[in-house]
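The following note sets out points for a colleague who is reviewing this model. Please read them alongside the sequence and coordinates.

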Amino acid sequence: METKTPHLYAIKTLDKLPGLFKPRRYLYHCVRCKWSFVVNDGRRGALRPLPENGTPLTRDEVVARAETFAAGPCPAMRVVAEAHLHANSNGHAPAHAETPAHSALGSR
């Protein structure tokens, strides 16, 4: 079972490109995986993934990152999901499942 966990973005408004009907640009930065994307860069709806260390991204990396922009999965959350799946596959229940449920009213 693959869990899709979206990015958790901090959004910054950038300058507007010159021109009468140019849209405002936005920088989306995922606080989990540190990937950044510029939205409306050049034309409305354009999406451009940015490299985090200054080295250019390959075309395949650009496409792969762009596919995760809206719905994920965020690569930082993949580690958490894999650990959870591994814990369930070895026969042990997750820690939250071991806690017994308590009645809100108690027994009278």
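What share of the contacts in the chain with a separation of 6 or more comes from residues 24 or more positions apart?

1. In this predicted model, residues 24 or more positions apart account for 34% of the contacts with a separation of 6 or more.

2. The chain holds four strands and three helices. Read from the N terminus, the order of the elements is β-β-β-β-α-α-α.

3. Of the 108 residues in the chain, 22% are buried. The accessible surface amounts to about 8,100 Å², and carbon and sulfur atoms contribute 58% of that area.

4. The largest nonpolar core consists of eight residues, namely Tyr28, Cys30, Cys33, Trp35, Phe37, Val39, Phe69 and Cys74. Strands β2 (24-30) and β3 (36-39) each provide at least two residues of this core.

5. Leaving aside residues up to four places away in sequence, Trp35 is in contact with His7, Tyr28, His29, Cys30, Glu52, Arg65, Thr68 and Pro75.

6. Asn40 sits in the loop between β3 and β4 (47-50). Is this residue, Asn40, buried or exposed? Asn40 counts as buried because its relative accessibility is 10%, and the cut-off for buried is under 20%.

7. A polar atom of the Asn40 side chain lies 3.0 Å from the backbone oxygen of Arg24. With residues up to four places away in sequence not counted, Asn40 touches Pro23, Arg24, Arg25, Tyr26, Gly45 and Ala46.

How values were computed
Residues are numbered from 1 along each chain as its sequence is written. This is a predicted model: local features need pLDDT of at least 70, side-chain atom pairs count only at pLDDT 80 or more; totals for chains, interfaces and linings use all residues. Side-chain values use heavy atoms; hydrogens and water are left out. Buried means under 20% relative accessible area, exposed over 50%, partly exposed in between (1.4 Å probe, protein chains only). Contact means heavy atoms within 4.5 Å. Accessible areas come from the Shrake-Rupley method with a 1.4 Å probe; for residues, only the protein chains shown count as cover. A nonpolar core is a set of buried Ala, Val, Leu, Ile, Met, Phe, Trp, Tyr and Cys residues joined through side-chain atoms within 4.5 Å. A polar contact is a pair of N or O atoms within 3.5 Å; within protein, one must be able to donate a hydrogen and the other to accept it, and residues adjacent in sequence count only if both atoms are side-chain atoms.
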